[in-house]
Amino acid sequence: MNNKVLYIARAALIAAIYTVVTVLVAPYAYGIFQFRVSEAMTVLPAVMSSAIPGLFVGCLVSNIIGGYGPIDIIFGSLTTLIAAIFSRQLRKYPWLVPLPPVIFNAVIVGGYLHFLYFKDTPLLACMGWVGLGELLACYALGYPLLTLLTKRFGEYFKDW
């Protein structure tokens, strides 16, 4: 089968899984403290490049469903895209792979959530709450996922 078709299919599958998991835990996936279980998938760019567009599209669809408006749809999704690209670049350092989503979401998403929706909450608190949710999802769930995938499949992912 054509490698481009496989790449797109894998990206679409990742987008679908991200969206479904986010919607399933919707009460915890949106707001100032977001614990998106789906953010554990942000480690996937380290083992498969198709995860980069997959995570972006999954986040985009999830943010459309989430109801926080155009700013969240655009900037939340772009934040995921940027974080995925940086995570891919850090793939040789597994402990650092989950860090870009934590930092970028804390600063960018925490920042606009403060200015748009949580004006009574201090900016650093908004960033801290978003960062904490990301830290839990990316390190407590994502890092073990990355470790499992690399131990189980190892070199198999090189072509993904």
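The model is predicted; local features need pLDDT of at least 70, side-chain atom pairs count only at pLDDT 80 or more, and totals for chains, interfaces and linings use all residues. Residues are numbered from 1 along each chain as its sequence is written, and side-chain values use heavy atoms, without hydrogens or water.

I then read the α1/α3 geometry. The two axes come within 7 Å and cross at roughly 35° (lines fitted to C-alpha atoms over the stretch in contact, angles from 0 to 180 degrees between N-to-C directions). Helices here are DSSP runs of H or I, at least four residues, numbered from the N terminus. On the α1 side I noted Tyr7, Ile14 and Tyr18 among the contact residues (contact: heavy atoms within 4.5 Å). By class I found 13 nonpolar, five polar and no charged residues (Ala, Val, Leu, Ile, Met, Phe, Trp, Tyr, Cys and Pro are nonpolar; Asp, Glu, Lys and Arg charged; the others, Gly among them, polar).

Next I followed Ile14. Leaving out residues up to four places away in sequence, Ile14 touches Met41, Leu44, Met48, Ser50, Ala51, Gly54 and Leu55.

I turned to α3 (residues 51-66) and α4 (residues 70-89). Their axes come within 8 Å and cross at roughly 160°. α3 and α4 are therefore roughly antiparallel (angles over 145 degrees). I listed Phe56 of α3 and Arg88 of α4 among its contact residues.

Notes:
Helices (H or I, at least four residues) and strands (E, at least two) are DSSP runs, numbered from the N terminus. Angles under 35 degrees count as roughly parallel, over 145 as roughly antiparallel, 65 to 115 as roughly perpendicular and the rest as oblique.
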